[in-house]
Structure formats: C-alpha cells, structure tokens
Amino acid sequence: MTRKLKVDFFKVVLPDDSPHSFEHILHAVNNSPKDDTRNVTRNTCPFRLQNAWQTEDCWKGEMIRIRMDQLPMKAKLSGEVSPIDLEKDEGIGEETAFLYHVPTRVLTIQRNRYGVSAGVFAWYFGEKGSVAPIELEPVLQKDGLQRLANIREVRKLSLNIAGAENMTVFQGLGKGVESMIALIDQFKSPNLTLTLSMGKKRGSLEWVKDFAQSFVKSNQQGESSIHKFEISGKTEDGEKSVLDLIEYRMVEEIEVELKSGRTLSSSAREYAVQEAFSSRKQELVEMFSRQ
C-alpha cells in the first residue's frame, strides 16, 4: 500500500542580532541529553527533536509531537472500543521529517496535520536556542518570484479563505479589515472572500508583499485554508499581471510505501523529504545560494 506525502519548503530567517546560525542551534539541540529536558511544551503537548544527523551540506532529522491528553480510543471494525493502555509518562507520538540545506538556508519539511507544523518547528528551535523569533518564509517557485518581482504597480488583492478559524494575521491591517473580520466571527461564517483595491501611495508594493507573505505563511502552518491569493497589477511595461501566490508555492508530493500496509516508517518519511529536496535543489540553489 502506498501513500502520498506533501512536502513544503521554507527559507529559515533568524533575527539580525542572532549570535548563532540555525545550523549551530540545531547542532546544539542535537547534542543535548536525549531525555525529557529536550522537550518544550505548548498547549499541553511536548515537542522535541527526536534525532538529527549531518550528511554533506544538509541536516536531516525528525521532530515529534507527543499527545498527552485527548487521546484516541482503540477501535475494532465491529465497533468495539477500548482505551489505549499507556503509562503516565507516555503519550501518542506524531513524527515529522525534515531536511535543512545549509548553503541555501532552506528547510524542507513533511506536512503532517497531526505532527509538528512548520510554525511549531520554528518556535521550538527559537525556544531552545533563545533566539526569537525564527521566521519561516514560504518559498515560491522561481517563475513565481520572477513574476512577483516584475509587478511594479499593485491594483488589487483578492483572497478566498475556507475554514478561517485563526484570523490574527489580519490584525493591524486597518479598521475596515478588522471590522469585516469581527462581522465574520459574529456570524460564524466558514468562508471569507476579501478584495482590497490598492491606492497609488508610495510603498504600497512592499506592504502588499509583506501582507501576502503573512497569509501564505499562515496557510502553510495550518492556521487557515487559503484557496486563492491573487495580486493584480501592472508590470514596468504597463502590461496587466495577475499572480496567484498559492498556486506558485513550492510544494512536492512524494509517494511512499506504508510499512506492513499501515505504518509510515521513519525511512519512508526521510525518503519523502530527500526526494522532494532533490527535485528542487537546483532551483533552490539558483535562488538562495550564498555563493
């Protein structure tokens, strides 16, 4: 039996005043004791770097989320259920594989709704390395970046969000937007369609890019489901350009074998992130290499 795993790409960005690189922090955490002191707890769930290792210019590893409460039941197809017998210091482990390419500072991470999200990954290492915040910027495909760079005048933003439960990304974007979000929350609307017509004030393009990045980041981290994020504008030659940033996110889908037909093994997760990175390596090096 096979399963398709989605793999996302992020540029790892540390604060300008960070005394250490991300690979230094990763190395330090990996060399720490492999006991519960490696854990960092968030919303009753401990998170930890389970293991990591270096191969040439990459770090590979696995993070784990340990569910200690609201545990699932064991169930038979006939409908019989029974509790999973666990000790007090045991929980349900949800593993997530990653690969960090040092020359480009790009993180390739398995998408796992039950495991460690990209946002939690950044938060964990920020906590362990006393560096906050560590930012993960979603990577756009090279042709998407080129199209975005060619836009010189933004006229309109169009967004469609389904299941918008966490709307904090809208904070600080103006009273009109915040009022709309309050109205959506009041009526418990499951969907949001938002269109912003842009003025011609200087600096609006950079505001749009920052605004877009916050939305794409929230979508990658599982906080909302953004189906469309279109930027409409004009190029330097005056031609109309419409760019959907969600369409141009760098995502790979890798097919892996399930162990015994049911279990996703560590080797399968490692294979998925390695294959995803290998398929995009040349593109990433061209966009982000330090050399």
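User: Is Ile-25 buried or exposed?

Analyst: This is a predicted model. Ile-25 has a relative accessible area of 3%. A residue counts as buried under 20% and as exposed over 50%. Ile-25 is therefore classed as buried.

User: Which residues does Ile-25 touch, not counting residues up to four places away in sequence?

Analyst: Ile-25 lies in helix 1. With residues up to four places away in sequence left out, Ile-25 touches Leu-14, His-20, Phe-125, Gly-129 and Val-131.

User: How is helix 1 oriented relative to helix 2: roughly parallel or roughly perpendicular?

Analyst: Helix 1 (residues 22-30) packs against helix 2 (residues 118-128) with the axes 10 Å apart and at an angle of about 75°. Angles of 65 to 115 degrees count as roughly perpendicular. Helix 1 is therefore, relative to helix 2, roughly perpendicular.

User: How many nonpolar residues does the contact of helix 1 with helix 2 have?

Analyst: On the helix 1 side are Phe-22, Ile-25, Leu-26 and Val-29, which meet Phe-121, Tyr-124, Phe-125 and Lys-128 in helix 2. By class, this contact has no polar residues and 1 charged residue, while the nonpolar residues number 7.

User: Which strand gives the most to the lining of the second largest pocket?

Analyst: The second largest pocket has a volume of about 480 Å³. Of its 14 lining residues, the closest to the centre are Arg-3, Glu-94, Arg-262, Thr-263 and Leu-264. The lining has 4 nonpolar, 4 polar and 6 charged residues. The element that gives the most to this lining, with 3 residues, is strand 7.

Technical notes
Residues are numbered from 1 along each chain as its sequence is written. This is a predicted model: local features need pLDDT of at least 70, side-chain atom pairs count only at pLDDT 80 or more; totals for chains, interfaces and linings use all residues. Side-chain values use heavy atoms; hydrogens and water are left out. Axes are lines fitted to C-alpha atoms, for helices over the stretch in contact, and angles run from 0 to 180 degrees between N-to-C directions. Helices (H or I, at least four residues) and strands (E, at least two) are DSSP runs, numbered from the N terminus. Angles under 35 degrees count as roughly parallel, over 145 as roughly antiparallel, 65 to 115 as roughly perpendicular and the rest as oblique. Contact means heavy atoms within 4.5 Å. Ala, Val, Leu, Ile, Met, Phe, Trp, Tyr, Cys and Pro count as nonpolar, Asp, Glu, Lys and Arg as charged, and the others, Gly among them, as polar. Buried means under 20% relative accessible area, exposed over 50%, partly exposed in between (1.4 Å probe, protein chains only). On a 1 Å grid over the protein atoms alone, a cavity is a set of points where a 1.4 Å probe fits but cannot get out, and a pocket is an open set with protein on both sides within 12 Å along at least five of seven lines; lining residues have an atom within 4 Å of a point. Grid points are joined across faces, edges and corners, and a volume is the space filled by probe spheres set on the points.
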